Each structure stands twice: as C-alpha cells, then as structure tokens.
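Hello,

Here is the structure I said I would pass on. Please open it first, then read the notes below alongside it.

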Amino acid sequence: MLAVSLTACGGDGGGGNDDDKGKATGDAGTTVTLPKLDGQSLEVAAVWTGAEQKNFKAVLAEFEKRTGAKVTFVPAQDPIINFLGSKIAGGAPPDVAMLPQPGAIKQAVEKNWAKPLGPEAAKELAENYSQGWQDIGSVDGKQYGVYYKAANKSLIWYNAQVFENAGAAEPKTWDELLNTARMVYDSGVTPFSVGGADGWTLTDWFENVYLSQAGPEKYDQLAKHEIKWTDPSVKEALTTLAGIWGTKDYVATGALGTDFPTSVTQTFTGGDQPKAGMVYEGDFAQVNIVEAKAKVGTDAKVFPFPAVGDTAPVVSGGDAAVILKDSKAAQALVTFLASPDAAEIHAKLGGFVSPNKNVDPSAYPNDVQKKIAEALVASGDDFRFDMSDQAPQAFGGTPGKGEWKALQDFLKNPNDIAGTQAKLEADAAAAYGN
C-alpha cells in the first residue's frame, strides 16, 4: 500500500489512574479519571443519524454515569459549520461539536469559536494518539480537536452469494475489478450500488482512484489547490472512473436519488437478486449492513480498494470533538472521548473504528472490524486524509455545491470530462481564493 495509512502506533499506553472518582459502571473500561459534575449540563452536536447516533448516545450515557452530568445530543445538518454559525449567532452554541473535516476545525478557530484543549484532554490525547492524528486536530501549533472516530475509506463491500453465483474472486487491481464487474453483470446482477444523492461518496471514489493513479505527492498538491483541477492527472482519474460510472447497467438505477445508507442496504437485501453486487465505502458501512440483517464476514465481505496505479490507496476520514463553550464539563467530556474507555464502548456496538492506539482490539465485534482496526493502528504515522475534507467547506463539503455537485453531474454524464474539470477548477479557485 502507499504510505498513506490511517494512523500510527508508538508512544506510551494508559490514561490516568483509577480511583473511586468517576469510575465506570458495568463492563466499561476505566483508564481515565473524570471529575464529578452533578447538576451540570452539556450539549454535543454532530451530523450523525440512525444507528451511528444511537451508538454515540450510549457513549454519552456512560459519561453521564461516571460524572453525574446531563448530556444532550443535538442533531446537526451538513455543512455543520453553517449549522454552528446559526447557533452561535442565536447565542446558543453547543458545548462540543463533532467536526468531520480538518478544514472545519480551522474555520472554527479562525472564527474564534473553538477553544483549545485543556491539560487533561491534551494529556489523554498525547498518550493515546499518534502524532499524525494529533497534528490534524491542531491549528497553528495549538491542539483543538480530538479525532474520536476514524474511517478506512478504501474498502469495497460485496454480497458473498452474488460473487459465488458469478464465480467471481476478490480483485486486487482496477483491471481485475472491471473483470469482476463483468462477471457479476453476466450473472444477472448489476455490479455496483452508488449512493450518489450524497455527494461525499463520489468524492471518496475519486480520491481513491486519484491517490493510487497520480500518487501521494500530486494528491497533496491537489488537496491544497497547488495544481489545478484541469491538470492532466485529474482527467486521467475521471476517465478511469468513467470506466465504471459510464458503462451501461454497471451502476444500479437511480443512483443520484439513492442516499448512502440505501446504497448499502440494497446490496445486501433481495436474496439472490439484490439491486447490486458491490458497494464502495468505508468501514462504517457495517452499521447499514447489519440494518439489512446481513452478517458481516459471511453474507457481506470486503476487499481493499484495488490498485489503479502501482499501489493500492488508503484514504482516511474522521470526526473530531471540538470545544465551543469552555467549561470543566466540556473539557471532561473531550478528555473522556480521547480515552480508550469511550472508544471501546462504541467499538463493541459496531460500525466504528478508533484511531486511539490503546483501544483493545477484542472490543470490536467481528473479525472483519478487528482486522480493519488493527491495520489502522499498526500502519504507521504517515497517512493521507480525505481530500475533500481538507478543502474549504464551500468546495469540499457543501451539498449541491462545489466538488459534490460537480461529481454528481459527472455521474449523470460521465462523458463530460472536460466540462467537469472546468467546473471543479472554477469552484475550487473561488473557494480557495487562488
């Protein structure tokens, strides 16, 4: 794989001393001491919905048990920076927000919304996270974000029965993926399900192809808009993508009206005739696979995103806890989220990977998830973060605009490569200001 791995190992384990103050109940771990916060209330905002929100609320419930604080989950909308702006303008910001982009953390700091981590949270972060994950949560040398949740966004999930019926094997290269798609198509099943209603799924497709094909140096340059989207390397990646998106009947019908959860569930329902045999997305797709009543590792299997160039890509994403209203309670919550205790609760519920290197791998509920998590922690300190998440929100993270909209239009008309490049460059130049 490219030197673009998800997180790193190294450093000392542990996170504080156990004592009677702030001990967990049940089988939750107790590696970090938390203060008593009886009578205090907190609000935490995130864009998470469905099972993802439900599972995070279980983590917040443990914090409530250990501290006596009351925590309310506030559902946010994309782009979360706009949502937070309206809350702050109204004088009612949440205490903590889960920000899905490094660019959003930077914006929150520049607007003087974000508050630096206190000594306890910073200590927990330093003990449990690689330097790389610490760095992407910092701005101008100050630590603001704790990357509570990570994602391996270089995975393709497949319906095991469909592959068996088609006589298909897991591909390792892009050419092999195209051959596999043809075998699935010939067996009577549409090869791919694409959640095109959510533009971020399309940026993830592009990033994996571009990283493997153009290489990490070009990837970094494009992420910073140091090269233009009219560059020949972008044309090459879009041409490669069109090999799937533009092949008749290779993408399940209605892709532009299909949201991400449905793109997953329709791949693992319908018996021998699901709407598609494969769906691309990160490890978090397991939540939706379970909702489809399919068993991960048996009904639903996974292979790494195939190598388009010399090496296979690994693209990461994540969500960072950022304090907006500084208080003892807010600092305590972020300290808890930086600990193995919180991550292990969430890990047991599935659909979650932590960049915290001191999380016990046995906390993950199945071998597939465990291997993804172990690889994430063991893979070193040099990684590439999701490109669109590094971009200004107006370009890389706003529904109906910028990269999301341009790639949705490209999914609709994969023949218009030049037009797509021109639109991407115009929107990027406006958002980056160069």
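How many of the 9 residues of helix H14 (residues 340-348) are buried? Before the answer, please keep in mind that this is a predicted model.

In H14, 8 of the 9 residues are buried, so the helix is largely enclosed by the rest of the structure. The buried ones are Pro 340, Asp 341, Ala 342, Ala 343, Glu 344, Ile 345, His 346 and Ala 347. At the start of H14, a side-chain oxygen of Ser 339 comes to within 3.3 Å of the backbone nitrogen of Asp 341. Just after the helix, Gly 350 has a positive phi of about 90°.

Thr 203 has a relative accessible area of 0%, so it counts as buried. Its side chain makes a polar contact with the side chain of Ser 388, at 3.3 Å. Leaving aside residues up to four places away in sequence, Thr 203 touches Ser 388, Glu 403, Trp 404 and Leu 407.

H8 also packs against helix H10 (residues 232-245), with the axes 9 Å apart and an angle of about 120° between them. The two helices are therefore oblique to each other. Residues that meet there include Leu 202, Trp 205 and Phe 206 from H8, and Ser 233, Val 234 and Glu 236 from H10. The contact as a whole divides into 12 nonpolar residues, 3 polar and 1 charged.

Regards

Definitions and conventions:
Residues are numbered from 1 along each chain as its sequence is written. This is a predicted model: local features need pLDDT of at least 70, side-chain atom pairs count only at pLDDT 80 or more; totals for chains, interfaces and linings use all residues. Side-chain values use heavy atoms; hydrogens and water are left out. Buried means under 20% relative accessible area, exposed over 50%, partly exposed in between (1.4 Å probe, protein chains only). Helices (H or I, at least four residues) and strands (E, at least two) are DSSP runs, numbered from the N terminus. A polar contact is a pair of N or O atoms within 3.5 Å; within protein, one must be able to donate a hydrogen and the other to accept it, and residues adjacent in sequence count only if both atoms are side-chain atoms. Contact means heavy atoms within 4.5 Å. Axes are lines fitted to C-alpha atoms, for helices over the stretch in contact, and angles run from 0 to 180 degrees between N-to-C directions. Angles under 35 degrees count as roughly parallel, over 145 as roughly antiparallel, 65 to 115 as roughly perpendicular and the rest as oblique. Ala, Val, Leu, Ile, Met, Phe, Trp, Tyr, Cys and Pro count as nonpolar, Asp, Glu, Lys and Arg as charged, and the others, Gly among them, as polar.
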